[in-house]
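Please look over the sequence and the model below before reading on.

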Amino acid sequence: MTAKEVLQLAERTQARMVDLRFTDLPGLWHHVSFPIAQLQEKSFEDGFGIDGSSIRGWAAIHESDMLLVPDPSTAMLDPFRDVPTLSMIGDIIDPITKQQYPRDPRYVAKKAEAYLGFTGVADVAYFGAEAEFFIFDNIRFDQREHCGFYFIDAEEGRWNSAREERNLGYRPRYKEGYFPVPPTDHYQDLRTEMALALEGCGLQVECHHHEVATGGQAEIDFRFAPLLRAGDAMMLFKYIVRNVAYQYGKTVTFMPKPLFMDNGSGMHTHQSLWLKNKPLFSGELYAGLSQTALWYIGGLLKHAPAVAAFCAPTTNSYKRLVPGFEAPVNLAYSRRNRSAAVRIPMYSPNPKSKRIEFRPPDAACNPYLAFSALLMAGLDGIANKIDPGEPLDKDIYDLSPEELKNVPSLPGSLEDALKALEHDHDFLLKGDVFTEEVVNLWIDYKMKNEVQAVRMRPHPYEFALYYDA
């Protein structure tokens with residue numbers, strides 16, 4: 001859609017407001033709204049002035065003036081607003097240099113795509129991310145000097161099976177929530193409403209279903225897209241899913257591990273490279289892969305500890321990424337095998353369907369940064385012809401300690417992932433995709449605001465362990 005077409009859309013839909021959105025460094029959407037009369041054709045070049053000093057990971061107060069320039073190709077009518085509102089994603093521009101702001105995550109994704117073209121390896125990288133989430137009915141949490149707690153409730157939660165008032169049963173057992181039909185699956189209709197809202201906003205939904213955990217764990221899959229558009233789509237996906245749930249009096253979280261002793265929520269990320277409309281990952285080697293694909297896997301496995309700092313970027317992520325449980329922490333690759341960090345799906349013999357799936361990420365990530373880091377790791381594998389080693393076609397969870405000792409694993413905490421990133425990030429700096437400033441900013445922000453903040457606070461279970469010590 002062009003700037004003129006956006007203005008025609010605004011007129012046709014009688015939009016009265018324009019809402020511009022952008023992503024902070026950790027990965028949350030922010031927005032600012034203007035009366036529609038302020039949107040003119042020159043707005044797509046001149047942008048709108050905003051204050052960037054209060055956005056996480058952005059400018060200091062003495063350099064806070066920014067321009068927000070709408071991208072006309074992202075225009076849509078927001079389905080959740082009472083007043084007709086035209087929504088667009090914007091790019092952040094420095095008003096002095098007129099260059100894109102280096103801390104804007106969307107700019108990192110743009111540079112990653114540009115670098116891919118520069119290498120000549122491929123001209124498009126497709127990403128398809130499967131974001132799992134929970135649908136809850138009530139959530140309470142607080143942390144103060146003298147107390148700290150969280151309390152989750154969900155009508156579908158197995159823990160409500162003993163409830164006395166109006167209890168109709170039909171709740172998924174712990175770790176047995178995969179694909180049950182209603183009424184055990186309480187949210188068939190709600191997920192359908194979400195899927196229809198997603199399609200109404202331009203995302204092509206492929207399927208939806210209940211996930212493994214009790215308490216309303218769900219997944220809605222939508223079609224893959226080039227890296228930048230995949231990042232835009234994930235931001236839109238989370239916005240729509242949350243708002244549909246909110247309309248129904250429910251709350252959605254993409255937090256990786258909200259429930260103890262049940263499955264967490266991941267974001268399995270499918271990737272493939274194409275050149276001149278031809279798939280580069282299809283070949284005659286292991287699992288129908290090409291040598292290019294195997295080198296790409298080699299890069300992912302080599303740099304996975306550092307990439308985890310962007311793909312599994314919360315302290316809570318490592319409650320899900322625990323050895324011996326449902327998440328793949330062992331850095332191996334395999335066809336079909338969901339216990340490997342890299343899986344090669346085998347659903348279709350069509351070369352166009354050939355792709356690899358990286359399973360450790362979760363949807364609490366910033367998708368622009370996560371997808372860019374994955375691409376840069378894979379490209380480094382291709383550039384340096386990194387051998388991924390032999391595939392591991394066994395259930396990794398059943399391997400003996402002797403068999404496991406030679407299989408590397410992901411970091412065990414966000415702190416360890418950040419340390420890995422600190423020591424291994426040269427591959428991210430190629431083509432100026434990530435900069436030293438952005439990498440260091442990410443490490444410093446995460447260490448100060450998350451790692452140290454969580455470390456300083458007593459954990460409720462510590463009282464059970466140590467109060468009588």
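What follows is a short exchange on one strand and on the nonpolar cores.

Modeller: This is a predicted model, in which local features need pLDDT of at least 70 and side-chain atom pairs count only at pLDDT 80 or more, while totals for chains, interfaces and linings use all residues. Residues are numbered from 1 along each chain as its sequence is written, and side-chain values use heavy atoms, with hydrogens and water left out.

Biologist: Is strand 6 largely enclosed or exposed?

Modeller: Strands are DSSP runs of E with at least two residues, numbered from the N terminus, and buried means under 20% relative accessible area with a 1.4 Å probe, protein chains only. One side of strand 6 carries Thr85, Ser87, Ile89, Asp91 and Ile93 and the other Leu86, Met88, Gly90 and Ile92, all of them buried. Because 9 of the 9 residues of strand 6 (residues 85–93) are buried, the strand is largely enclosed.

Biologist: Which residue of strand 6 is the bridge partner of Arg21?

Modeller: Two strands pair if DSSP finds at least two bridges between them. Strand 1 (residues 17–23) pairs with strand 6 in the parallel sense over 5 bridges, whereas strand 4 (residues 65–70) pairs with strand 6 in the antiparallel sense over 4 bridges. In strand 6, the partner of Arg21 is Ile89.

Biologist: How many residues does the other core, with Phe22 and Ile92 among them, hold?

Modeller: A nonpolar core is a set of buried Ala, Val, Leu, Ile, Met, Phe, Trp, Tyr and Cys residues joined through side-chain atoms within 4.5 Å. The largest has 105 residues, and Leu375 is among those touching the most other members. Apart from it lies another core, including Ala59 and Leu68, of 23 residues.

Key
Buried < 20%, exposed > 50% of the residue type's maximum accessible area, 1.4 Å probe, protein only.
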